[in-house]
Amino acid sequence: MMHRTSALISQKWARCFHEDTYHVAVETDNGTEAQNKLLKHSYLPRKKDLTLSSIVDLVVNFYLPDQREKYLFLNYKSSSDYRLYNQAVPSYLHDMPLATVNHCLERKSKALQFTEEDIYNDENKLGIFQVKSKSEKKKDMVHSIIWC
């Protein structure tokens, strides 16, 4: 009897039981977590008594401008103004981020394995291609590619 009564009382004061409470699942990825760690350890002071206004001020006036500078510098480092490209890098990959260049170059040799017979385009469905798998395990699999 006592357990049932305390459960009813908790429904009166516990926020999770209020109908007007906003319930939302918060999901993050490694990039979000890395940004959170950087903000906490590099920008927010060790003391915990900051107001919301002072945290917003730190984010807007220091953290975001620093991140923008970093972003712009990394873009500049990827440009042909910063360095000369190896002749093996096609011109359409110039001025792209290094990760993009590496990604495309790694897959270029794999793409050369495909023949015209491996790719089918239904003329009634412009921009949609069917591509046969080159995987030994999935020889019969066909992938749909949508080109916008």
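This note goes through the predicted model point by point, from its confidence and overall make-up to single residues.

1. Basis of the model. The model is a predicted one, in which local features need pLDDT of at least 70 and side-chain atom pairs count only at pLDDT 80 or more, while totals for chains, interfaces and linings use all residues. Residues are numbered from 1 along each chain as its sequence is written, and side-chain values use heavy atoms, with hydrogens and water left out.

2. Confidence. The protein chain has a mean pLDDT of 80, and 82% of its residues reach 70 or more, where pLDDT is the predictor's confidence in each residue, from 0 to 100. Among the elements of the chain, the lowest mean pLDDT, 56, belongs to helix α1 (residues 2-13), and the highest, 91, to α3.

3. Elements. The protein chain has four helices and three strands, both being DSSP runs numbered from the N terminus (helices H or I with at least four residues, strands E with at least two). From the N terminus on, their order is α-α-α-α-β-β-β.

4. Among contacts (heavy atoms within 4.5 Å) between residues at least 6 apart in sequence, 7% join residues at least 24 apart.

5. Helices α2 and α3. Two packed helices are described by the angle between their axes and the distance between the axes. The axes of α2 (residues 30-43) and α3 (residues 52-77) come within 12 Å and cross at roughly 120 degrees; such axes are lines fitted to C-alpha atoms, for helices over the stretch in contact, with angles running from 0 to 180 degrees between N-to-C directions. The crossing of α2 and α3 is right-handed, a term for the near helix being turned clockwise from the far one by less than a right angle, anticlockwise being left-handed. On the side of α2 the contact is made by Gln35, Leu38, Leu39 and Tyr43, and on the side of α3 by Leu58, Val59, Phe62, Tyr63, Asp66 and Gln67. These residues divide into seven nonpolar, two polar and one charged, where Ala, Val, Leu, Ile, Met, Phe, Trp, Tyr, Cys and Pro count as nonpolar, Asp, Glu, Lys and Arg as charged, and the others, Gly among them, as polar.

6. Salt bridge. Side chains of opposite charge can pair when their charged atoms come close. The count comes to one salt bridge, under the rule that a side-chain nitrogen of Lys or Arg lies within 4 Å of a carboxyl oxygen of Asp or Glu. Arg107 forms a salt bridge with Glu106, and the closest N and O atoms are 3.4 Å apart. Arg107 is partly exposed, at 40% relative accessible area, whereas Glu106 counts as exposed at 52%.

7. The loop between α3 and α4. Ser78 lies in the loop between α3 and α4 (98-111) and counts as buried, at 10% relative accessibility. Leaving aside neighbours within four places in sequence, Ser78 is in contact with Tyr85, Asp95, Met96, Pro97 and Leu98. Asp95 is also placed in the loop between α3 and α4, and counts as partly exposed at 44% relative accessibility. Most residues other than glycine have a negative phi. The phi of Asp95, a residue other than glycine, is positive, near 65 degrees.

8. Around strand β3. Ser133, in the loop between β2 (128-132) and β3, counts as buried at 11% relative accessibility. Not counting residues up to four places away in sequence, Ser133 touches Lys138, Lys139, Met141 and His143. Val142 is found in β3 (residues 142-146) and counts as partly exposed, at 46% relative accessibility. With the same exclusion of residues up to four places away, Val142 touches Gln130, Val131 and Lys132. Val142 and Asp118 are 24 residues apart in sequence and 9.2 Å apart in space, C-alpha to C-alpha.

How values were computed: Buried < 20%, exposed > 50% of the residue type's maximum accessible area, 1.4 Å probe, protein only.
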